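Here is a short report on aromatic pairs and nonpolar cores. Keep the structure open while you read.

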Amino acid sequence: MRMMKNNNNETVMVIGIDHGYGNMKTATRCFPSGVARYDKEPIFQNNLLVYNGMYYQIGEEHKEFCAEKTQDEDYYVLTLAAIARELYGKGMNRATVHIAAGLPLTWVATQKEDFQKYLLQNESVDFTFRNKDYHVEFAGADIYPQGFAAAFYRLQDFKGINMLVDIRNGTMNIMYMFYDKTRPANCLPI
């Protein structure tokens, strides 16, 4: 998680989130991607998220494979849980957040815009996670190939050609990144 200032000199938290089928991952947290939805408050509330009048038990199992992560609200709810976990770790419950998210390398070209709209479906959101209330305002979202979001803030350390390997539950993506010394601010996937 990084802090930056927007055009109005307001502090914005950049939170990188890897939306995996097995696990949701941020810079400091990892939890199973399962979501169980309830109309009424469930008895067991270990990782209960309350949003829009619905109850979601987070992390009980893993998410089943779906070809588009926007087909249901699960990944949106999981995103809220990931943000809450990061904010909780900083002792915060309110923030303006910019999301850096990942999609599988082969999906970025076709699903990037839809996933970005999906993550930014609300300008702000109020929800409860683990009996703590949160208020999040969204400043934006950038979508990268999975794994690249995790490496984004370390790009200045890469020289020449580098390989980024994203190993997941049964799959693996390899992305080559080329550092162009004529454009030192750039480290581009190739």
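## A buried tyrosine and its partner

Tyr-76 is buried, with a relative accessible area of 1%. Buried means under 20% relative accessible area, exposed over 50% and partly exposed in between (1.4 Å probe, protein chains only). Tyr-51 also counts as buried, at 7%.

This is a predicted model: local features need pLDDT of at least 70, side-chain atom pairs count only at pLDDT 80 or more, and totals for chains, interfaces and linings use all residues. Residues are numbered from 1 along each chain as its sequence is written, and side-chain values use heavy atoms, without hydrogens or water.

## Aromatic pairs

The structure holds 4 aromatic pairs. Rings of Phe, Tyr and Trp (its six-membered ring) pair if their centres lie within 6.5 Å; planes under 30 degrees apart count as stacked, over 60 as edge-to-face and the rest as tilted. Tyr-51 and Tyr-76 form a tilted pair, 5.8 Å centre to centre with 45 degrees between the planes. Phe-127 and Tyr-134 are stacked, at 5.4 Å and 15 degrees. Both are buried.

Ring pairs also link Tyr-51, Tyr-76, Phe-115 and Tyr-118 into a cluster.

## Nonpolar cores

A nonpolar core is a set of buried Ala, Val, Leu, Ile, Met, Phe, Trp, Tyr and Cys residues joined through side-chain atoms within 4.5 Å. The largest has 39 residues. Leu-49, Tyr-51, Ile-58, Ile-83, Ile-99 and Phe-127 have the most contacts inside it.
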